[in-house]
Amino acid sequence: MDQLQDKLSSFLTDKQFALAETELKQALAKNPLDAQLWVMLGETLLLQNQGQAAKRVFDRAWLLDPQAQWAAHIYKRLDELAAGEPREDIEDLLEVPKVTLTAAILSQNEASNIAKCILALQGAVDEILLVDSSTDETRLIAAQYPKVKIIPITWNDDFAAARNTGLEHVKTDWVIWVDADDVLLSEDIASLREAAGVFHHLDVVPALHVWHLNQVSGTIHHDFSQVRMFPVRRGLRFYGRVHEQVGTDKGIFHNDMYRRAVKIRLYHFGYEPSVMQSRAKFERNLRLLKHMTLEEPENPGHWLYYGRESLGIGEENQAYAALLEAERLGLQTPMFGRMPDVYKFLYQIMMVRMNFTEAEAYCHKLIASHPDFPDAHYMLAQVRVKQADALLRLAEIGYKKSLSSLPYYRGSVSADYQLGEWKVEVALGELAMRSGKLSRAKSIFVKHSQQKDVSERLKAKITAIENERQRLNESMSS
């Protein structure tokens, strides 16, 4: 890759765009799943004002790397660029095998959601399979729409079993599992078949993670953790009564799948507080997870989710015990990929308990195992802020104790009487400044600004406070 980048850099410096294109197209013919190569080709086309072809290439790059940070910037540039001539060579490079696709929906009493879900999928798939255990009008509503096939099931408190029953009825090459309260973004309708075609050739069975936009109280939380799309007749199935996972016949902790996130965006409304119905859904999940920990006590994922759901209903001690077991088992299970979640929940518990030493220890464990995980570094910074706050409070107590002790001290070693004259008060002013209490800090510094030992230092602090106030006033008025 370094050699290629050096060669491309030379071509682009010399404005030899055709040569750069040739190199990139040859590289992509060998590595069609390399998102960075598609980005580089897109940038080369941008430099030639080939807007239409560049957009097609960047679309493929974003499909393969949905968490890319360049997307907003690049698409804004594309909006300002002329389309340019059609590029058949680029279309040939982008071409993928045509595969058939089913959207499978597991539903129970989703009459209020099912129509929106089905309508969004109409142009994206060949068939819509409703695996349903409803007692309301869900089936009646779904049956009114094209492409829908209904598979009635009896609910047996087992999500994996229900999904596996549905898989037996899928006749297409690929399947994507969609919740009844998911809505596919219209911009991504073509992405479903494209993604299936892109990954269809792999020798290792592909398992694709979709992009969930979880709406919770007006805020969108992005989630790429769930495998929802895979080829049908290559041995994949679901495991777990709840929070079910996809795996081969060997189970879920084996390196025998090719996992990849793709830009297939689903709006999900199921985590809204009004939808969760508070304890009822958590208690159902806890009941099923308890079964799972008894059936497979060595599975760290079961203990992780049991801990998470316990936190959801406020059972902190139960959650803590389950998460410790998840950590123990997870460290013994090389293919367990959810250790960051384990440490995040343990960290949260320690932060609530104000046990910052333990919270910091979990941050360090997380960084040791996943040094590039952004949340770990943010969490550690949060711990240090709390530790700093605690130290500042202790410092304030110490300063005040020093001041209150001074009148009563009668020891043989002389006390520093400047403590009472200015030192303690100036120190408290510095604490106030650190805490953002600028008016309080300034009044103290002004009071002691003629004290020769600290005059220059205090005048500098007063100037800094005034500059900060001016900056804040200007930012509020602009």
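Okay, let's start with the lining of the second largest pocket: by class, that's twelve charged residues, eight nonpolar and one polar. Keep in mind, everyone, that this is a predicted model.

If you want to find them by element, look at α4 (51-64), α10 (189-199) and β11 (258-268), which each give two or more residues to the lining. Which of those gives the most? That's α4, with six residues.

Now, on to the cores. The largest nonpolar core has 69 residues. Phe58 is among those with the most contacts inside this core, along with Trp70, Ile105, Ile176, Phe199, Met229 and Ile264. And what does Phe58 touch? Leaving aside residues up to four places away in sequence, we get Val39, Gly42, Glu43, Leu46, Trp70, Ile74, Tyr75 and Leu78. There's another core apart from the largest one, with 58 residues, including Val232, Met292, Ile313 and Tyr362.

Last stop: strand β8, residues 227-231. Is β8 mostly covered or mostly open? Mostly covered, with five of its five residues buried. Strand β4, residues 174-179, pairs with β8 in the antiparallel sense over three bridges, and Val175 has Phe230 of β8 as its bridge partner. Strand β6, residues 206-216, also pairs with β8 in the antiparallel sense, over two bridges.

Key:
Residues are numbered from 1 along each chain as its sequence is written. This is a predicted model: local features need pLDDT of at least 70, side-chain atom pairs count only at pLDDT 80 or more; totals for chains, interfaces and linings use all residues. Side-chain values use heavy atoms; hydrogens and water are left out. Helices (H or I, at least four residues) and strands (E, at least two) are DSSP runs, numbered from the N terminus. Ala, Val, Leu, Ile, Met, Phe, Trp, Tyr, Cys and Pro count as nonpolar, Asp, Glu, Lys and Arg as charged, and the others, Gly among them, as polar. A nonpolar core is a set of buried Ala, Val, Leu, Ile, Met, Phe, Trp, Tyr and Cys residues joined through side-chain atoms within 4.5 Å. Buried means under 20% relative accessible area, exposed over 50%, partly exposed in between (1.4 Å probe, protein chains only). Contact means heavy atoms within 4.5 Å. Two strands pair if DSSP finds at least two bridges between them.
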